[in-house]
Amino acid sequence: MAGGVDPLELAREKAKFELLFGLASIGALLSIPSEGTLLSSASSSLRSWLHSAPYTSPSFASLFLPAAAWTGVVTCAYTIYAQSYGQRYVTATKSNLIYTAQPLFSAAVAAVLVGERLGGW
């Protein structure tokens, strides 16, 4: 542990930073003029999407909000906390092996849950 800092506190701060950075990035993209800059196309696309208001329909909200919550809370925040918590109880070598084997775990879960198969090149 670096300098006696609690790993869960570091994870909490990382999650806060990622949220703030994401919001700041969207704000910065929206502040770019619609024409004449390198990022004008991305800025225009974001503005068009926001002005088309697909998020006002009930079906969009019923699909988007749970998906956004799942993505933000479970796949990002929870995994950061779980990793920080779990690393307290294993050696650096074991944790490195676990994280290095992550693609194998992902392939196994995909094969079991959705029937994915490895294919040839």
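Predicted model: local features only at pLDDT ≥ 70, side-chain atom pairs only at ≥ 80, totals over all residues.
A residue counts as exposed when its relative accessible area is over 50%, as buried when that area is under 20%, and as partly exposed in between.

**The whole chain**

Begin with the entire chain in a cartoon view. Five helices and zero strands are present, so that the order of elements along the sequence reads α-α-α-α-α. Of the 121 residues in the chain, 10% are buried. Among the contacts with a separation of 6 or more, 30% are made by residues 24 or more positions apart.

Select residues 7–31, which form helix H1, and display the side chains of Phe17 and Phe21. Both of these residues are exposed. Phe17 and Phe21 are four residues apart in helix H1, which separates them by about one helical turn. The aromatic pairs in this structure number two. In the pair formed by Phe17 and Phe21, the ring centres are 5.8 Å apart and the planes stand at 20 degrees; the pair is therefore stacked, as planes under 30 degrees apart count as such.

The other pair to select is Tyr85 with Tyr89, where the arrangement is edge-to-face. Here the centres are 5.4 Å from each other, with 65 degrees between the planes. An angle over 60 degrees is what places a pair in the edge-to-face class. Colour the two residues by accessibility: Tyr85 has a relative accessible area of 45% and is partly exposed, whereas Tyr89, at 56%, is exposed.

How many salt bridges does a search of the whole structure find? The search finds three, and each may be selected in turn.

- Glu9 and Arg12: the side chains meet in a salt bridge of 2.9 Å, N to O. Both residues lie in helix H1, three residues apart, or about one turn of the helix. Glu9 is partly exposed at a relative accessible area of 31%, and Arg12 is partly exposed at 33%.
- Glu13 and Lys16: the closest N and O atoms of this salt bridge are 3.1 Å apart. Because the two residues are three apart in helix H1, about one helical turn separates Glu13 from Lys16. Glu13 is partly exposed with a relative accessible area of 37%, and Lys16 is partly exposed with 44%.
- Lys14 and Glu18: this salt bridge has an N to O distance of 3.8 Å. Lys14 and Glu18 are four residues apart in helix H1, so about one helical turn lies between them. Lys14, with a relative accessible area of 43%, is partly exposed; Glu18, at 37%, is also partly exposed.

**The loop between H3 and H4**

Select Gln87 next. Where is Gln87 placed? This residue is in the loop between helix H3 (58–86) and helix H4 (92–100). Its relative accessibility is 34%, and Gln87 therefore counts as partly exposed. Although Gln87 and Pro7 are 80 residues apart in sequence, their C-alpha atoms are 8.9 Å apart in space. Display Ser95 and Tyr99 as well: leaving aside neighbours within four places in sequence, these are the residues with which Gln87 is in contact.

**Helix H5 and the end of the tour**

Move to residues 102–114, the 13 residues of helix H5. At 1.5 Å a residue, the helix should span 18 Å, and the computed separation of its end C-alpha atoms is 18 Å, which agrees. Select Gly115, which follows H5; its phi is positive, near 70 degrees.

Val109, one of its members, is found in helix H5 and has a relative accessibility of 47%, so it counts as partly exposed.

Note on methods. Residues numbered from 1 in each chain as written. Heavy atoms only, no water. Expected span 1.5 Å × (residues − 1). Buried < 20%, exposed > 50% of the residue type's maximum accessible area, 1.4 Å probe, protein only. Contact = heavy atoms within 4.5 Å. Phe/Tyr/Trp six-rings, centres within 6.5 Å; stacked < 30°, edge-to-face > 60°. Salt bridge = Lys/Arg side-chain N within 4 Å of Asp/Glu carboxyl O.
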